[in-house]
Amino acid sequence: MLKHILAGAVALVVPFTAAQAQEKVLRAVMHADVRVIDPIWTTQTIASIHGMLIYDTLFGNDADLKPQPQMVGKYEISPDKLTYTFTLRDGLKFHDGSPVTTKDVIASLKRWGAKDGVGIRLFSYVTKLEAVDDKTFKMILKEPYGMVLESLGKSGSSVAIIMREQEALTDPQQQVKEAIGSGPFKFAKDLWVPGSKAIYLKNKDYVPRPGNEPPSSFAGSKIPGVDRIELVWISDPQTAMSALVNGEIDFYEAPNNDFLPILAKAKGVKLMMTGKIDSTQGMIRLNHLHPPFDNVKARQAMYHLINQEDFLRAIVGNPEFYRVCHGLLTCGGPYENTGGSALMKEYNPKKAAQLMKEAGYKGEPITVLFTTDHNTITPATQVLVQAMREAGLNVDAQSMDWGAVVSRRAKKEPPAQGGWNIFVTTTGGVGASNPVLHTWIGAACDKGLFGWPCDPEIEKLRNAFAFAQTDEERKKIATDLQTRAMEQVVYIPFGQWNTPLAFRADKIDGVVPNTGLAVLWGITKK
Amino acid sequence: MTAYIVRRLFATLPVMAVVALFVFFLLRFAPGDPAAIIAGEDATAEAIAAVRAKLGLDRPMVEQFFVWMLQLAQGDMGVSIFSNLAVTRLISQRLEPTVALTLSTLFVAVALSIPIGVLAAWKARKLVDRLVMGFAVLGFAMPGFVLAYILIYFFAVQWQLLPVQGYRPIAEGLWPFVECLILPSVALGVTYMALIARITRASMLEVLAQDYIRTANAKGLATDRVLLLHALKNAAVPIITVIGIGIALLISGVVITETVFNIPGLGRLTVDAVLKRDYPVVQGLILVFAAAKVLVNLIIDISYAFLDPRIRY
Amino acid sequence: MTAITDDLVLPPRRFSLATAIRRNPTIAFGAVLLAALIIVGVFAPYIAYSDPFKIAPVNRLKPPSERWWFGTDQFGRDIFSRTVYGARVSLIVGLSVALFSSAVGLALGLLCGYFRKVDGIVMRIMDGLMAIPSILLAIALITLTRPSLGIVILAIVIPEVPRIVRVVRAVVLSIRSQPYIESAIAGGTKNTKLLLRHVLPNTLAPLIVQSTYVCASAMLIEASLSFLGAGVPPEVPSWGNIIAQGRTFFQIAPWTILIPGIFLAITVLAVNLLGDGLRDRLDPRLARRL
């Protein structure tokens with residue numbers, strides 16, 4: 001114990017007495033604090049942001065969501081699309097100096113493929129993953145799955161990072177003990193204060209993609225722009241905003257919507273909208289297992305209660321930053337369509353109440369999990385509960401913090417015994433633009449996500465999408481899929497919004513509008 | 001005296017045991033599951049269950065308790081469920097900011113309130129007394145974070161005299177350290193001004209009415225010498241008592257102040273840990289706080305013995 | 001004979017309100033303020049002109065005006081109505097906490113001060129409870145079950161009880177050691193009679209004074225709990241909740257914090273004044289000097 005105290009004291013003192021006057025430091029406040037450092041073990045977005053700083057990936061999706069090679073130098077796909085051969089670039093090394101070999105890559109992919117939803121789906125088609133030599137390996141599929149590269153390069157959590165073999169062999173249900181990757185930054189674990197700050201030091205031995213390719217989301221040459229990145233956690237949004245205005249921090253990933261006018265006027269501060277489809281989509285998730293929402297007619301009745309404008313106004317305020325989207329696939333994205341959206345066009349609470357009655361609803365309490373401490377989900381839930389009450393539905397709103405909601409939504413028991421009927425959440429627009437990557441549109445019954453919608457037709461369509469050969473085919477499948485999913489009410493969308501990030505344009509350069517997770521490696525300090 | 005100290009230290013053991021039991025079972029009975037929080041936004045029920053098993057959270061509670069007790073006996077407070085770092089390391093990382101904030105707040109509070117209390121006692125029942133005491137209570141009446149926001153708005157944002165947030169360890173230089181602590185100490189210290197000022201006033205009044213003070217006055221000693229030398233020294237006991245109580249209250253206030261000013265201290269660590277159900281961290285912290293409180297009480301009791309010769313152990 | 005007796009009978013003292021107020025200005029001021037706020041709380045439905053729960057996002061963060069006297073919050077809810085209803089919640093929290101903690105504290109204090117055997121165990125537990133910082137105890141208790149008004153009150157009562165137990169116990173101890181009590185016990189008087197007739201009345205004065213401070217402190221703790229996200233459910237209008245939810249908007253809509261903050265401060269002030277005044281009046285040592 002004494003050792004820890006001494007080590008802590010020394011760790012506090014030593015780095016600050018070192019000459020840091022010339023060091024270029026980027027101070028960034030993200031939407032959450034870095035608590036867990038294993039991006040495969042958890043699906044938390046912040047863990048993947050951390051992961052992308054210190055690890056590297058085989059591919060990286062660019063701003064148009066097209067996969068581009070990162071660690072991979074060249075690759076070949078066999079004509080029957082069943083064999084993929086990948087060759088790693090030269091000079092790739094882990095932070096401890098050891099070279100990156102196919103042993104590490106295969107072990108890492110297997111771990112990712114055992115835990116991440118998209119990875120699990122990919123690996124269900126993989127028959128073999130074998131190394132040809134230290135730099136080349138083959139992936140052999142049983143069917144011509146069309147989303148191999150997109151999955152490997154995906155810019156949402158959990159990212160398909162490559163770790164050293166010894167960490168990659170850790171059971172996916174346990175955290176890795178070390179944070180050693182081959183990415184552009186190194187994690188200074190000794191300086192990490194969970195809940196306060198996480199420190200990343202430039203990896204001087206990093207070999208970026210040759211040719212100085214301009215960064216585009218996760219693609220392009222990743223050249224570390226500063227000597228040190230400090231991911232600082234400021235829990236109070238107002239304090240964070242004031243800190244940015246005062247110059248105490250350089251980059252603010254998710255400023256509160258109401259502060260945007262102040263930030264727009266502040267000297268030296270610039271607002272930047274993130275990539276085209278980067279957005280957040282609101283979801284009202286109904287529990288298909290228990291009454292009243294085990295009846296599809298009752299679920300469809302709920303559509304008439306939702307006026308997206310009310311929700312978006314309460315969450316975002318400024319119409320510049322939101323849009324009404326009566327669909328499940330991200331509006332503005334490549335597969336946006338109007339399938340099923342007619343179901344949402346009529347806002348009529350009286351009709352909703354009547355349809356509920358016709359579906360057999362007799363006034364039993366509907367249990368809504370009411371998050372109290374989330375800055376977008378809380379207002380959204382309040383609007384929902386009020387709309388339901390005004391329609392005359394009997395709402396049992398159970399207040400709890402987000403942590404408690406996360407636990408309770410996993411329970412399949414009836415609401416009266418610790419389960420639930422409705423909860424509200426959000427998902428990222430980038431993942432939600434693609435039927436395969438959009439996990440919440442699935443209907444895999446018991447194996448699916450909370451709410452457990454069950455419809456084999458939807459899963460069939462999602463699979464078909466992955467195997468479609470032409471874009472036309474894909475668009476048609478997407479339309480059919482959304483129509484079906486809206487009819488089955490896998491969830492009710494309450495709107496789409498995108499708010500800019502804010503940074504000190506007078507202090508930093510090279511901020512890239514991300515499509516998916518935030519990209520920090522190219523940022524330079526003036 | 002040594003015997004007294006040793007006896008008192010032993011007497012704290014059952015208190016700590018009560019605290020440990022209470023905290024442990026309280027946390028375990030709470031709804032909300034650290035495994036689900038860890039597993040992340042999109043995890044399935046099976047993934048969550050697997051995480052729970054790996055963390056040992058599905059063992060019977062009594063067994064978990066004994067495991068914890070055994071660890072404690074070896075000086076090991078366990079590891080955080082989230083970050084996998086040792087609880088002792090987490091606590092030691094955050095000790096300096098909280099101690100610095102507590103001490104500077106105490107300094108501000110005492111430096112402001114004792115003179116106020118003395119002044120109010122001297123001019124008892126006159127307008128000055130009423131005004132001064134009213135002002136002190138106003139500081140106490142406002143919720144701490146409201147005052148904090150007002151101070152930040154004027155001193156940091158508008159006039160740009162002081163930083164908005166953050167904490168700089170003293171190793172980075174004396175002025176950066178001090179400037180980050182000024183606003184938080186004032187915001188927090190003002191809250192305790194009323195308490196200390198009121199007790200100072202009351203006990204000064206009591207002492208001033210004592211016979212020996214009147215004798216000193218009659219002898220012709222100047223008023224302020226009389227006040228300072230004789231009265232204050234005798235009024236010290238209740239004042240020290242209340243400062244001791246103040247330290248306990250400070251911990252509660254520190255939690256709010258650390259949140260608003262983004263000071264990475266123990267208060268925020270505790271709130272974060274409770275809300276995320278990071279059991280080992282919460283358990284360890286509450287033990288540390290309890291131990292600190294007990295220590296403070298002991299120091300106060302000992303200082304009584306020095307200040308008041310009538311009290312002997 | 002009658003004449004002498006008549007002369008010795010003093011004329012009945014007439015109670016004059018004016019004199020009472022003049023003699024105890026602090027008590028009067030505090031009591032009047034508190035009474036005014038209680039009236040506001042009780043008659044809230046008649047004073048508030050709109051539904052404090054009604055969300056209208058189209059009206060969010062409007063400054064005070066003729067239509068919304070205190071402006072609106074981030075959901076478009078009218079702050080005047082919420083503040084008026086908030087008086088209810090905050091006062092209920094303050095008064096209930098004071099009442100329950102006094103009741104429990106009195107009972108425990110009497111028992112501890114009087115019966116040696118009980119004293120040891122109970123005081124250890126009280127010390128244990130006091131060792132845990134009250135706000136952390138409250139947060140931990142509140143996350144035990146779903147947040148509701150009752151749980152919040154309970155969570156604030158528990159850390160306050162030890163304080164009251166100490167005060168009551170100190171009084172009981174000092175009385176118990178008095179010679180007349182000792183001889184009464186020796187003479188065989190029942191304990192309950194002694195407790196109720198002689199000990200209890202003496203504890204009332206300090207108890208009342210202490211409970212006013214507990215009331216004030218409870219209201220502030222409730223605000224802090226709401227600030228940390230562990231208070232009454234967010235749609236319930238308590239001053240603490242209104243301030244906590246409005247805090248994010250302090251720089252763009254300060255009325256959301258300042259107005260309920262002023263109400264809270266005035267109430268705490270009123271209760272404190274009442275306590276101070278009562279203490280000055282009821283404490284025999286200080287009363288001499290006034």
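Let's start with chain C: its pLDDT averages 81, and 91% of the residues score at least 70. pLDDT is the predictor's confidence in each residue, from 0 to 100. This is a predicted model, where local features need pLDDT of at least 70, side-chain atom pairs count only at pLDDT 80 or more, and totals for chains, interfaces and linings use all residues. Residues are numbered from 1 along each chain as its sequence is written, chains are lettered from A and ligands numbered from 1 in the order in which they are written, and side-chain values use heavy atoms, with hydrogens and water left out.

Stay with chain C. Helices (H or I, at least four residues) and strands (E, at least two) are DSSP runs, numbered from the N terminus. Contact means heavy atoms within 4.5 Å. Residues 286-290 of chain C are also below 50, but that stretch has nine contacts beyond near neighbours in sequence. For the model, ipTM is 0.76 and pTM is 0.80.

One residue in chain C. Is Gln245(C) buried or exposed? Gln245(C) is buried, at a relative accessible area of 16%. Buried means under 20%, exposed over 50%, partly exposed in between (1.4 Å probe, protein chains only). Gln245(C) sits in helix H11 (residues 239-246) of chain C. Leaving out residues up to four places away in sequence, Gln245(C) touches Gln74(C), Arg77(C), Arg82(C) and Pro234(C).

On to chain A. Six strands make an open sheet with mixed pairing, in the order S16-S20-S15-S19-S17-S18. Strands S16 (322-323) and S18 (395-400) of chain A are at the edges with a single partner strand each, so one side of each has no neighbour in the sheet. Two strands pair if DSSP finds at least two bridges between them. S15 (residues 280-286) and S19 (residues 422-428) of chain A pair antiparallel, over seven bridges. In S19(A), Gly428(A) is the bridge partner of Thr280(A).

Last, chains A and B. The contact takes 52 residues from chain A and 52 residues from chain B. About 4500 Å² is buried between them, with carbon and sulfur atoms giving 53%. Buried area is the accessible area (1.4 Å probe) that two parts lose on being put together, summed over both. How many salt bridges are there between chain A and chain B? The count is one. Asp272(B) forms a salt bridge with Arg35(A), with the closest N and O atoms 3.6 Å apart. A salt bridge is a side-chain nitrogen of Lys or Arg within 4 Å of a carboxyl oxygen of Asp or Glu.
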